[in-house]
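These are my notebook entries on a few local features. I begin from the sequence and the structure, shown here.

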Amino acid sequence: MPKTVGVAVSNATFHFDKLYTYAVMPDQQDTVRLGSMVLVPFGRGSRARMGVVLACDAEPESAKLKFLFDVAPASACLTPELLRLVHFLKERTFCTYYEAVKAVIPYGAQYKPTVAEDGVTPVLQKQLVRHTENAYKLVGTLPPKPKPTAKQLAAVALLAGGERTLSALEEKGISRAVLDNLCAKGVLECSKVNKSIDLYSSIPLKNEPILLTEEQQAAYDALLPGLEDAAPHSALLYGVTGSGKTLVFLKLIEHCLQLGRRALVLVPEISLTPQMILRLKSQFGKRVAVQHSALNHTERLLQWQMIQDGGADIVVGTRSAIFSPLENIGLVIIDEEQEHTYRSESAPRYSAHEVARQRAAENGALLLLASATPSTESYYAAQHGRTQLVRLTKRYGGNPLPKVQIVDMRAELASGNPREISLAMEDAIRHNLEAGKQTILLLNRRGYQTVAQCEDCREVLKCQKCSVPMVYHKSAHKLLCHYCGSQLDPPPARCPACGGKLQYRGFGTQKAEEELAKLFPEARILRMDQDTTAAKDAHEKLLAKFARHEYDIMVGTQMVAKGLDFEDVTLVGVLGIDSLLFAQGFRAYETVFSLVTQVVGRSGRAKDPGFAIIQTTDPDNPVLNLAAAQDYDAFFEQEIAYRKLGLYPPFCGLCVVGFAGPKESEVARASARFAALLGRQAAKQPDLPLRVLGPTPGSIEKINDSYRYKLTVKCRNDRRFRDLIRETLTLYEQEKLPGKATVVVDLHSDGDI
């Protein structure tokens, strides 16, 4: 039994993030183990702080050790694999130990410090305490006197069949008072159990045989050897939109379960989980668990506990589901693998691909990436034999890919159409409505009008706290900042700089909805953006209504572009793609190509042929033309040549060091100092390949009153480079620079993502 433990504490700075040794009280020795959540006295004032045990030692290193305050029960202990993931995240992402712990455990399973009933002793309390309920079981017989009531007799009869929960008994009309009375008589015994939660119990289990086409069967057969042996493998399933990749997944999952192993399925965003859950639940039933951020804390915790208790064979979810406490994993699927949402934007800044690769290696599993538009890095790895490449070239059911028309919006304006919906688009929508078919329109900007500009001084009205334009939302009649949430209510009519008249222009989803309603008063229009899908389960409910034909036209941001499958959608329109085409960042073209290809692929997925219209002011743009032709191979050749020329991934790793603080001059100085410290450390290893660019102001210079600078380092993502960054971060903290500007490190792999 451990007499001392090494504990990683919460809220440690990078510089102080090490293991601190504590003594274990004799009565705690049986409960403390590696991975235990503990409460410890920390610092001069011995304030209570959360921690996790990452080392157990037999010998105390000094006589003056502090004792642990409290230990969480063994059920809250991190599994050995999750513990290894904590170390993996710490090594790869420059986070602290406790940040890594918080990433791998859902909020509800975490603990917080509180004070015991004596008002003095620090103890642990679960973040969620309302996830249990009473359960009753029969332990005695009803005495004949006093004469039992009808409700008491009914309760005993029901419980003769086994233990039941309070909510199940209340549904049968038996109150808690009746049950408490029977407990007092010794007839029943009450215990606490986790609320059972089958989130999607309304989905019927069909369990139909999975029938594959010849091409799908060939893909399945090619992937099977990687699933069946015990070594880790990785593969890329590259299939055109509508080629039926999901059916191949289902067949692989079925075989994985037959082998007695488990499967993990990741989708890039919440809007795609309902369809994937539906497919998995109707095929595999109750043993599918769900992990994503639209669940409330209790639902998420109960699903997590179900996985931890071995009650799930399949876990489906968004990025964080990669940390599910699933054991014996045989298959990890990352669908739409090119999506940027698989990268975490906050500490720990991990990539789900990297964590998936690590878990596949530990479990000897098959990691399957899938997409119609794979990331340049993944496709490059497949071309060079580092990943197995499996192709699906035909649409399921033999449907042709949609015909695509590119409309020049400059010509529309010249011919006297000031609207954002071109005449060609209007005609096509009208045609579709008359045929009783549905339309999806992609517009990647929410709000009504996107810019307020002064007619006199030409200044654009920007948020006071961020260097971005405010956006007018008509339904709320206010200007909003999409970055910090600041509001101007009512929207000003005059320029704050010179008093000139403000002119509102631009086009967001709300205005598109209004324009469509004017053009097609008889059409039922659904808007899908962050404003309309904020409520719980809103994605599922709105998509289900669209599937039931309660709407004719769906207009939305990129959440409508991917993975959705509606058989009556025969027209897709792309509006306002140009802003993305001219965006900053080396992935801009890849993003546009993927988005346009994906949304065009929503059309004509069933028996009727599809049609797509792309509106742009740059009709000759090669990226748009290649996306219209769904010619990924030609796009890849162009993109890989550009990446090689400019030295971008997969030809190097990319490390972006971000700085933020309230005073611009201090942020600029701190970032320059970091660059100097990095240069000094790198000079000691002249053979380490590095290119340092910057520091420069961020692409958005100010967000929420915080100025941003960044330093970009082209490097090789290996241990030597990570150690170099770690040394530099430590020096930066020793010089007390985080007080001037906080620093975050975001490291992108080269090649092997």
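Which residue in β26 is the bridge partner of Leu442? I looked it up and found Gly556.

I noted the source first: the model is predicted, local features need pLDDT of at least 70, side-chain atom pairs count only at pLDDT 80 or more, and totals for chains, interfaces and linings use all residues. Residues are numbered from 1 along each chain as its sequence is written, and side-chain values use heavy atoms, with hydrogens and water left out.

Entry on β26. I took strands (E, at least two residues) and helices (H or I, at least four residues) as DSSP runs numbered from the N terminus. Strand β26 covers residues 553-556. It pairs (at least two DSSP bridges between the strands) in the parallel sense with β19, residues 438-443, over four bridges. With β25, residues 525-528, β26 also pairs in the parallel sense over four bridges; there, Ile525 stands opposite Ile553. Ile553 and Val555 point one way and Met554 and Gly556 the other, and all are buried (under 20% relative accessible area; exposed is over 50%, partly exposed in between; 1.4 Å probe, protein chains only).

Entry on α5. In this helix, residues 176-184, I found Val178, Leu179 and Leu182 buried. They lie on the same side of α5, because their arc around the axis is only 95 degrees (taken from the directions from the helix axis to the C-beta atoms). Ala177 and Ala184, on the other side, are exposed. Gly186 follows α5 and has a positive phi, near 80 degrees.

Entry on Asp70. This residue lies in strand β5, residues 70-71, and is buried at 19% relative accessible area.
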